[in-house]
Amino acid sequence: MLLQSPADAYVPFVYPLPIWDYWPWLILPLCAGVAIVYKSVKCGTMKEVPREALVIFVWMLVGFACAAGALAGVVRWVVEK
Amino acid sequence: MSDAQTNNNVPPPLVALAGWLLPGAGYWIIGQRVRAVTVCVTILAVFVFGILISGIRVVQAPDLSGPGSIPQRILQRPWFIGQILNGPVGLAAAYVSDQLAESPTYRNIEAKARLAEIGTLYTAIAGMLNLLTIIDSANRATHWGHV
């Protein structure tokens, strides 16, 4: 979907957010949300949650970065072959 | 607010129902207020942010009046299963989305490609996280005296 004329003013929650160039960064709030809820379920007391959620948030990002690097390597290797 | 004590006097099905009606409400009625507020704010934030990213048309209920069996029709929009786990918020979003689909002004406004996928992912993951909290709160109501 693209805005087609000046009359098509951006309406939040109706039009998609105009962030086509920044979509990879959208992984950050999603991982943060998953980390907080997951650790809220897992931890015995809520005092542990901030630290535990931060740790798993970082691990998720490291995992995604490794997976992205590995897939990029595979794609490049296949293309170069 | 304290989450040290769990109230075991509430039937687990009621806890689960409360958790579906409002994310985190299951924890609230068993006395785990901090946990309730944390998961409620987080799950609703993820759901609302998904709609903000892609627009509300990302929540689309399956057309149950179409051809084929009901499971087939539901599986045409499988992400709605995740989105409906957000409770009435998901239903309300689907209703508004349906209204916009019939609006002459907004019927063609729909996210495509990556933004649609990302918004769908956000809204469905919010619902699946809510399912996790529903199961956990009902389990705590069943088994745990102290947390």
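Me: Which helix supplies the largest share of the nonpolar patch of chain B?

Reply: The model is a predicted one. Its nonpolar surface patch, of about 660 Å², is made by Leu14(B), Leu17(B), Leu21(B), Leu22(B), Trp28(B), Ile29(B), Val37(B) and Val41(B). The largest share, three residues, comes from α1(B).

Me: In which helix is Leu21(B) placed?

Reply: Leu21(B) is one of the residues that make the nonpolar patch. Its place in chain B is helix α1.

Me: Which helix gives the largest share of the side of chain B that touches chain A?

Reply: The contact takes 26 residues from chain A and 36 residues from chain B. On the side of chain B, α3 (33–54) and α7 (113–143) each supply at least two residues. The largest share amounts to 13 residues and comes from α3(B).

Me: How much of the area buried between chain B and chain A do carbon and sulfur atoms give?

Reply: The residues with which chain B touches chain A divide into 23 nonpolar, six polar and seven charged. The area buried between the two chains is about 2,600 Å². Of this area, carbon and sulfur atoms give 77%.

Me: How many salt bridges are counted between chain B and chain A?

Reply: Polar contact does occur across this interface, in eight residue pairs with both residues at pLDDT 80 or more. For salt bridges between chain B and chain A, the count is zero.

Note on methods. Residues are numbered from 1 along each chain as its sequence is written. Chains are lettered from A and ligands numbered from 1 in the order in which they are written. This is a predicted model: local features need pLDDT of at least 70, side-chain atom pairs count only at pLDDT 80 or more; totals for chains, interfaces and linings use all residues. Side-chain values use heavy atoms; hydrogens and water are left out. Contact means heavy atoms within 4.5 Å. Buried area is the accessible area (1.4 Å probe) that two parts lose on being put together, summed over both. A salt bridge is a side-chain nitrogen of Lys or Arg within 4 Å of a carboxyl oxygen of Asp or Glu. A polar contact is a pair of N or O atoms within 3.5 Å; within protein, one must be able to donate a hydrogen and the other to accept it, and residues adjacent in sequence count only if both atoms are side-chain atoms. Helices (H or I, at least four residues) and strands (E, at least two) are DSSP runs, numbered from the N terminus. Ala, Val, Leu, Ile, Met, Phe, Trp, Tyr, Cys and Pro count as nonpolar, Asp, Glu, Lys and Arg as charged, and the others, Gly among them, as polar. Patches are made of residues with over 30% relative accessible area and no salt bridge: like charges are joined within 9 Å, nonpolar side chains (Val, Leu, Ile, Met, Phe, Trp, Tyr) within 5 Å. Accessible areas come from the Shrake-Rupley method with a 1.4 Å probe; for residues, only the protein chains shown count as cover.
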